[in-house]
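Here is a short report on part of a two-chain model. Look at the sequence and structure first.

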Number of protein chains: 2
Amino acid sequence: MNLPETVTVIEVATRDGFQVESKPIPTHLKVETIDALAEAGVRQIQVTSFVHPKWVPQLADAEEVCRSISKKPGVTYSALALNKKGVERAHAAGINHLDLSISVSDTHSRKNTNVSLPQAMKNLREMVDLAGQEKMELRVGLQCVFGCAYEGPIPTERVLKMAEEIFSMEIDVFSLADTTGMANPLQVKQLLSKMLPLLGDTPVILHLHDTRGAGLANLVAALECGVTYFDTALAGLGGCPFIPGAAGNIATEDTLYLLHSMGVETGIDIAKVAQCSLRLEEFLDRQLPGKMYRLVDGEAMFS
Amino acid sequence: MNLPETVTVIEVATRDGFQVESKPIPTHLKVETIDALAEAGVRQIQVTSFVHPKWVPQLADAEEVCRSISKKPGVTYSALALNKKGVERAHAAGINHLDLSISVSDTHSRKNTNVSLPQAMKNLREMVDLAGQEKMELRVGLQCVFGCAYEGPIPTERVLKMAEEIFSMEIDVFSLADTTGMANPLQVKQLLSKMLPLLGDTPVILHLHDTRGAGLANLVAALECGVTYFDTALAGLGGCPFIPGAAGNIATEDTLYLLHSMGVETGIDIAKVAQCSLRLEEFLDRQLPGKMYRLVDGEAMFS
C-alpha cells in the first residue's frame with residue numbers, strides 16, 4: 001500500500017461537534033478541551049465558528065473562547081466564518097487562520113446559508129479578499145462534494161469548476177468535505193485523481209463524516225491518493241443541523257489508532273485525546289459515536 | 001480500484017449478535033428475523049450455534065430455531081459448533097452447513113473453549129471428520145488472525161501454519177476472523193497476499209468486527225485482494241463474551257450501502273434488511289451500532 005509517513009490530524013469537535021449539541025457546553029469546558037488537545041500533540045484545532053448567535057447559539061461565545069485558550073506555540077488555532085461580518089469578528093478576536101467553505105449543492109447552500117451557488121461564490125470571493133487584506137492564512141473549500149442529502153449525486157464537472165474558481169483566489173489550503181457522509185472509496189479515488197492535478201502545491205484537507213459508516217474506508221482511499229490532512233472530531237462528535245440524518249465526523253481516536261497501527265505517525269497521544277472525549281461523554285451524558293475512546297484504558301488497547 | 005462485480009454477504013446476527021445479548025430474544029423473533037432476511041435476498045444465514053446452554057443460554061433454543069424457520073430454496077442456513085456434541089446436535093437438527101473455527105491465540109482459545117491450541121486443532125480435526133461422515137458442507141476457519149486482545153499481535157507464521165493444517169482437512173470454505181477488531185487495511189492486504197495463494201480454489205470468508213471503527217476500511221482492503229465473501233450482522237450487532245471491549249460485527253446495512261454505492265452487487269434489499277434491524281432496535285430498546293439502518297427511510301438515503 002502507498003501510505004504516507006506522517007499525517008496531520010485537524011481537530012474540529014469544538015466547532016463541528018459543539019455546534020450541534022442541544023445541551024449548552026460551558027465556555028470553560030470548551031477552553032479546557034482545546035488546551036488539552038494542544039497538550040496531547042494536536043497541531044491544528046478549529047476552535048469555533050463566527051456565525052450569528054441567532055443561528056448557532058452553541059458558539060455564541062466564540063470571542064471568549066478565542067480570548068481564553070492558551071496559545072501554545074506551534075499550534076494553529078483556526079475558526080470558521082460564513083460571511084464578512086464573521087471574518088471581521090474572527091480577525092478582531094485574534095484569529096490568524098480562517099476556514100471558509102461553500103456548498104456545491106444549491107439546495108444545501110440555500111438551507112445552510114440562504115444563498116444560491118453563484119451568490120455563495122461571490123460572497124466567498126469577498127471574504128477571501130477581506131481576509132487577505134487582514135493577512136489571515138486561508139483555508140477555503142467545498143462542501144457536499146461527494147453528494148447531497150437533498151440533491152443526491154453532484155456532477156463532478158460542477159465540483160471541478162467550482163474548485164477551479166477557488167484556485168483562482170488567494171488561498172493557502174484547499175478543503176473537500178463529505179458533509180453528508182455519502183462518499184465511498186471508489187468515488188474518493190475518482191474525484192481526487194481529477195482534483196489533485198489541478199491543485200499544484202496547495203495542500204488539500206479531507207473532511208469526512210461517518211454518517212453511513214464508511215468514513216475510515218474513505219480516509220484510507222484518500223491516503224492512498226496522497227492526501228495527508230484530515231479533519232476529525234473527538235469521539236466522532238459532529239453533524240450538520242441543516243442536513244437530515246447527518247451524523248458525526250470521523251472520530252479522532254479511531255483515526256489515530258488506524259493511522260498508528262499502519263505505521264503512519266501523527267505526533268498525537270491517543271490516550272490523552274481520549275481523556276477529552278471521556279470528559280465530554282460524561283458531560284453530555286450519552287455514549288458518543290466513536291469506538292476507540294472507550295478502549296484506551298482497557299485491556300483491548302495495544303497502540 | 002480493483003473491485004469484484006458481486007459479493008456474498010453472510011448474515012451472522014442471529015448467532016454472533018444474539019449470543020451476547022443479555023435480554024433474552026424470544027424464539028419467534030429469531031425465526032421471523034431469519035425468514036425476513038431470506039425474503040430480503042440474503043443467501044447465506046448463520047442461524048445459531050450448537051453450544052452448551054450453560055455457556056450460551058441465549059442460543060439454548062438452537063433446535064427449535066432450526067425446526068421453525070422457513071427453508072427458502074437457494075438459501076444456505078448454517079450453524080456453528082464448538083465440539084463433537086455440537087456437530088451431532090446440528091446434524092440432528094437438519095443443518096447441512098456447519099461452521100467451525102479455532103483461535104490462533106492460545107489465551108483466547110483457553111478462555112473461549114478451555115483448550116490449548118494443539119488440543120483445539122486435534123478437536124477440530126475430529127469435528128471435521130465427523131461432519132464429513134454426515135456429509136455436511138464445511139466452513140472451517142481461524143479466529144483472532146489479526147491480533148488478540150490478550151496476546152496482542154499474532155505472528156503471521158503461526159497463522160499460516162495453522163491455516164495449512166486446516167487446508168489439509170476436507171473443508172469446503174475457509175474463514176478468517178478479526179475477532180477483536182484489531183485489523184487494519186495494510187495488515188489485511190499483507191496477510192491475504194500470503195494466505196490466498198495457499199488456498200487454491202477454496203473460497204475464503206472474512207469475518208470483521210468494528211471494535212475500533214476500521215471494519216469497512218478492512219473490508220475494502222480485502223475486496224481489493226479479491227475476497228468476495230463477508231460475514232456481517234444486522235445493525236452491527238455482535239461481540240465476543242470472552243474478549244474485553246469486543247464490539248459488534250460490521251453492520252449489514254452499512255456494508256450493503258458501501259458495496260452498492262461502488263457498483264458491487266449483492267442481490268440484497270437493504271431497506272428490507274433494515275426493517276429487521278429496526279425491529280430488533282425496538283425490542284432491545286437501545287440504539288444499535290450500525291449507521292445505515294436508521295437512514296433507509298429518511299431523505300438521506302439514495303441507494
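The notes below cover a strand, a glycine and a chain contact.

## Model

This is a predicted model.

## Strand E4 of chain B

Strand E4(B) spans residues 97-103 and is mostly covered. Seven of its seven residues are buried. B:His97, B:Asp99, B:Ser101 and B:Ser103 point one way from E4(B). B:Leu98, B:Leu100 and B:Ile102 point the other way.

E4(B) pairs with two strands, E3(B) and E5(B). The pairing with E3(B), residues 76-81, is parallel and runs over three bridges. Here B:Leu80 has B:Asp99 as its bridge partner. The chain passes from E3(B) through H4(B) to E4(B), a right-handed β-α-β crossover. E5(B), residues 137-143, also pairs with E4(B) in the parallel sense, over seven bridges. B:Ile102 stands opposite B:Leu142 of E5(B).

## B:Gly86 in helix H4

Helix H4(B) covers residues 84-92 and holds B:Gly86. Is B:Gly86 buried or exposed? B:Gly86 is buried, because 20 other C-beta atoms lie within 10 Å.

Beyond its neighbours within four places in sequence, B:Gly86 contacts B:Phe50, B:Val51 and B:Ala81. B:Leu98 lies 12 residues from B:Gly86 along the chain, with 10.0 Å between their C-alpha atoms.

## Contact between chains A and B

Chain B gives 34 residues to the contact, and chain A gives 34 residues. On the side of chain B, helices H8 (185-199), H9 (215-225) and H10 (252-261) each give two or more residues. H10(B) has the largest share, four residues.

The residues on this side of chain B comprise 19 nonpolar, nine polar and six charged.

Methods: Residues numbered from 1 in each chain as written. Chains lettered and ligands numbered in written order. Predicted model: local features only at pLDDT ≥ 70, side-chain atom pairs only at ≥ 80, totals over all residues. Contact = placed C-beta atoms within 7 Å. Nonpolar A, V, L, I, M, F, W, Y, C, P; charged D, E, K, R; others polar. Buried ≥ 20, exposed ≤ 12 C-beta atoms within 10 Å, placed from the backbone. Pairing = 2+ DSSP bridges. Right-handed = clockwise from strand over helix to strand, strands pointing away.
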